[in-house]
Amino acid sequence: MLIKKLLATAVATLLSGAVLADVYEASFEGNWYNESQSGRGVSVDYVPQSGGNGTYYIISFTYDAQGNPTWLQYLATGREGQRLFKNVEVSRVSGGAPGNTFPPLSALSVVKVGTATIDIASCSKISIDFTPSATANIPAVNQVVTRLDAPGVGASACPFVTPFTACPTGTTAIAGQDRVCELPPIVTGDLRLTNNATYKLAGRVAVGGALSAAGVVASNPGRLFIEPGTVVRGGDANSSRLIINPGSKIFAEGTPVAPIVFTGATEVGDVNGTGTWSGLIIGGRAPINIGCTLSATNTTCDFEADPGVIWGGTDPTDSSGVLKYVQIRSAGGI
């Protein structure tokens, strides 16, 4: 089959008008602790924001320099798909009154007490390295906490099980961008995109070689496997696209908790916005139902937005793989 640019635009328009589930809304929210670290723990909430951004709101239990229990507040904001945060501002909140007297929030004191590096490594591990300011009266602390499971959100639902160590073989780490890996211009053989990194399309990325005008499958096919919860972003140019050529396959099987997201470098802000990447193009080898002048037998056509994509054939049972719980956002760029 072929997902044309018009269809990609329609999908983008439909999705941009709906409430989109962020891939991390349910995966990391809840309470985490470490019994071996004197019961230190954190409470995590994730707040999706506009433009493909989100904030982890984290409250951490630790001790001040005199051994008194204290709570610290972390606000880690970044792109959807980001799970490593550096130089996060850390604050201590004090004030208020016990009992049924509720002073206004303006009466509370919020004081910056340092910075932190936060690594949301997996479904079962969060690391927080806190560096206090000189006057904070709070020792430096390195917390490593484990999730207290909640029904339907624990190991049975959360797919982020493998901490990041390096970009997958076949992709390239992008200098200066933590855990962002670039796809090659052409994918041959098998390539698996793990969900512990974000992936960038620098431009036109094709899985497998192109079909010939005569309907002959290329000798260098590819298969692209994408784990649930993975985010794939178009590059800086809105013409970046991901192409699955005939004879090649994509297996993008997300879950309700962790959909797979294809989007642009930036998100479209409204339903009438121009796409920030071209989109996902899938070409198959099933018979076409219109005449086409590309080949003498009228069994193949080229894609008007990208003539290098040739599709069509004589196999009505042809399959290009699986798309399940997938979001295609901000597509339709030219």
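Residues are numbered from 1 along each chain as its sequence is written. Because the model is predicted, local features need pLDDT of at least 70 and side-chain atom pairs count only at pLDDT 80 or more, while totals for chains, interfaces and linings use all residues, and side-chain values use heavy atoms, leaving out hydrogens and water.

The mean pLDDT (the predictor's confidence in each residue, from 0 to 100) is 86 for the protein, with 87% of its residues at 70 or more. Over residues 1–19, pLDDT stays under 50, and the model has 38 contacts beyond four places in sequence for this stretch. Contact here means heavy atoms within 4.5 Å.

A nonpolar core is a set of buried Ala, Val, Leu, Ile, Met, Phe, Trp, Tyr and Cys residues joined through side-chain atoms within 4.5 Å; buried means under 20% relative accessible area, with a 1.4 Å probe and protein chains only. The largest such core has 28 residues, and Tyr56, Ile58, Tyr74, Ile118, Ile126, Ile128 and Phe130 touch the most other members. Among the elements giving it two or more residues are strand 3 (53–63), strand 4 (69–79) and strand 7 (125–132); strands are DSSP runs (E, at least two residues), numbered from the N terminus. Strand 6 gives the most, with four residues. Another core, of 25 residues, lies apart and includes Leu193 and Ile260.

Phenylalanine 61 sits in strand 3 and counts as buried because its relative accessibility is 15%. Beyond its neighbours within four places in sequence, its contacts include Arg40, Pro69, Trp71 and Gln143.

Technical notes. Buried means under 20% relative accessible area, exposed over 50%, partly exposed in between (1.4 Å probe, protein chains only).
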